[in-house]
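Trainee: I have a complex open here and want to go through it with you. Can we start?

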Amino acid sequence: MEMKAKVKEVLVNLLKVKPEELKDGVSLEESIGVDSTEMVESVIALEKAFGVKLSPKEISKSSSIDDIAKIISSKISV
Amino acid sequence: MDKIAITGIGIVSPSGINKRQFWANIKSGRSFVKEITRFDASKYPSHIAGQIDELNKYSNISERLLKKIDAFSHMALIASELALQDAGIDIKNEDPNLVGIFLGNAIGGWLYAETELRDLYIEGREGVSPYMASAWFPAAPQGQVSIYYGIKGFSKTVVADRAGSLMALGYGAKVLNKNKLNMILAGGMEAPVSPYALLCCNTYGALSKNNSQPQEAYKPFDKKRDGFVIGEGAGIVVMESVQRASKRGVKPLAYISGYSTSCDGIDRINCASDGVELARAIKLALADAKTNIDEIDYISLDGAAINLWDDSELQAIKSIFGARTKDIPMSCPKSMFGNLLGASGAVDMITTILAMEHSLVPVTLNLDEPSMKGFNYITKEAKEYKIDKALVISRGRGGINSVLVVEK
């Protein structure tokens, strides 16, 4: 599965939103109105799912699925 | 105080969700107290309760929100929606700054908290949901209801053990009297059927241990009483000024016309044995409602089914109503579905309003041999009475007394 699809799957299962609500190039805030607590939860879940360390500076409400996938890919490949 | 109109009722209880289903079960005198099935409670001294199964069936709340909140907030959201529907109010048409929320709760949202605390000790801090911080505390339902409807007006949560929701109603009525809000969602919610909350209720020592006969366990005012039975649910009403209700062309279901509260100041847990302070609260509530003792047609009793509490409650009533005591019908309908602790007073008021509407006094279940004589207890089956004015009594640990006067 490509990285974007995996990120989307983690967030859909975690936040209980519909997959079609999460659009690749649109920020999480704009697409699903993510709140700050959901962001905390999302960062922890993504860290667990991909075995990487992420800081709130790297992933925020204004990140899109594309942005998140890129950051995680860069960390995995290092 | 000026009368405040109640124009919508929302009820979520073991005896039914929505007022029609609730009243059908209440007037028939059916018990909904059962053995606890949500978890293995068999080793608890008291393991019976009034439970609500399939809460989701009655709710439009998204899964996304449900994972962030405890059951008591879920119950409050359902009861609020039912109350608004009943009142014919679309909150989108209201000025959000002039809508308030006044709710009562005793113990908070432990079903959520227990699970997360378990995860804290098993998995460490990262195992705990970040929603824990906003899910468990007693004012969480107020917050969730305000977010759900975009309500922004002056609001409060009252934590006063079992008296919380009746106090929230009284407080709400007083605030409306100051004309600072257009309308209020008021009442209470409680979800104590969880392993830790049940343990705390058991430790308090006030619960019935008659586990082998759940439906007969809650016996307020009976010689064989051995404590109350807990229940879960929410009771929320829409309150607004009489003028606003009339402007909307709505006939109020009832009015709150008087309220008062007092404290015994005797003990950390127990109430005073003489009922003097409760009597004072009754007197003040009647004065607030400009009502004399001859006008009260029904008394909704607190009925903790504990000798000290029941006897002092009756003593207080006797000291106020004197010779009339034996004539006024009185009952404790929560004996059918359990004591909803911080939500009990609001549910009692809702039951009283429905009793007024149908001119029918519901029973105190399991009251076979009264421990004190000289009172007009309604037992066995509901009895027809025209009720124009009624008194609702709700009390909490440490000797908190609250009394509301409701009228047609």
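Trainee: Which residue just after H11(B) takes a positive phi?

Mentor: Lys290(B), with a phi of about 50°. Keep in mind that this is a predicted model.

Trainee: Fine. What mean pLDDT does chain B have?

Mentor: The mean pLDDT of chain B is 97, and 100% of its residues reach 70 or more. For the complex, the predictor gives an ipTM of 0.85 and a pTM of 0.95.

Trainee: Back to H11(B). How many residues does that helix have?

Mentor: Helix H11 of chain B has 13 residues, 276–288. From first C-alpha to last it reaches 18 Å, close to the 18 Å expected at 1.5 Å a residue.

Trainee: And which of its residues are buried?

Mentor: Glu277(B), Leu278(B), Ala279(B), Ala281(B), Ile282(B), Ala285(B), Leu286(B) and Asp288(B) are buried.

Trainee: What covers them?

Mentor: The cover includes strands S10 (254–263), S16 (389–396) and S17 (400–407) of chain B, as well as helix H12 (307–321) of chain B.

Trainee: Changing topic: where are the domain bounds in chain B?

Mentor: The domain assignment gives domain 1 as 4–254 and domain 2 as 257–407. Their C-alpha centres lie 21 Å apart.

Trainee: How many residues are in contact between the two?

Mentor: In chain B, 62 residues of domain 1 are in contact with 55 residues of domain 2. On the domain 1 side, H7(B) gives the largest share, eight residues. That side divides into 31 nonpolar, 17 polar and 14 charged residues.

Trainee: What about the largest nonpolar core, which residues touch the most other members?

Mentor: Ala79(B), Met239(B) and Leu404(B), out of 139 residues in that core. Helix H3 (residues 71–87) of chain B gives the largest share of this core, eleven residues. Domain 1 and domain 2 of chain B both give residues to this core, so it lies between them.

Trainee: Which residues does Leu404(B) touch?

Mentor: Leaving out residues up to four places away in sequence, Leu404(B) touches Leu166(B), Leu169(B), Gly170(B), Ile256(B), Tyr259(B), Ala285(B), Met349(B) and Val392(B). Ala285(B) is one of the buried residues of H11(B).

Trainee: Last topic, the contact between the chains. How many residues does each give?

Mentor: Chain A gives seven residues and chain B gives seven residues. On the chain A side, helix H3 (residues 36–50) of chain A gives the most, with four residues. The residues of that side divide into four nonpolar, one polar and two charged.

Definitions and conventions:
Residues are numbered from 1 along each chain as its sequence is written. Chains are lettered from A and ligands numbered from 1 in the order in which they are written. This is a predicted model: local features need pLDDT of at least 70, side-chain atom pairs count only at pLDDT 80 or more; totals for chains, interfaces and linings use all residues. pLDDT is the predictor's confidence in each residue, from 0 to 100. Helices (H or I, at least four residues) and strands (E, at least two) are DSSP runs, numbered from the N terminus. The expected span of a helix is 1.5 Å times one less than its number of residues. A residue is buried if 20 or more other C-beta atoms lie within 10 Å of its own, exposed if 12 or fewer, and partly exposed in between; C-beta atoms are placed from the backbone. Ala, Val, Leu, Ile, Met, Phe, Trp, Tyr, Cys and Pro count as nonpolar, Asp, Glu, Lys and Arg as charged, and the others, Gly among them, as polar. Domain bounds come from an automatic or database domain assignment. A nonpolar core is a set of buried Ala, Val, Leu, Ile, Met, Phe, Trp, Tyr and Cys residues joined through C-beta atoms within 7 Å.
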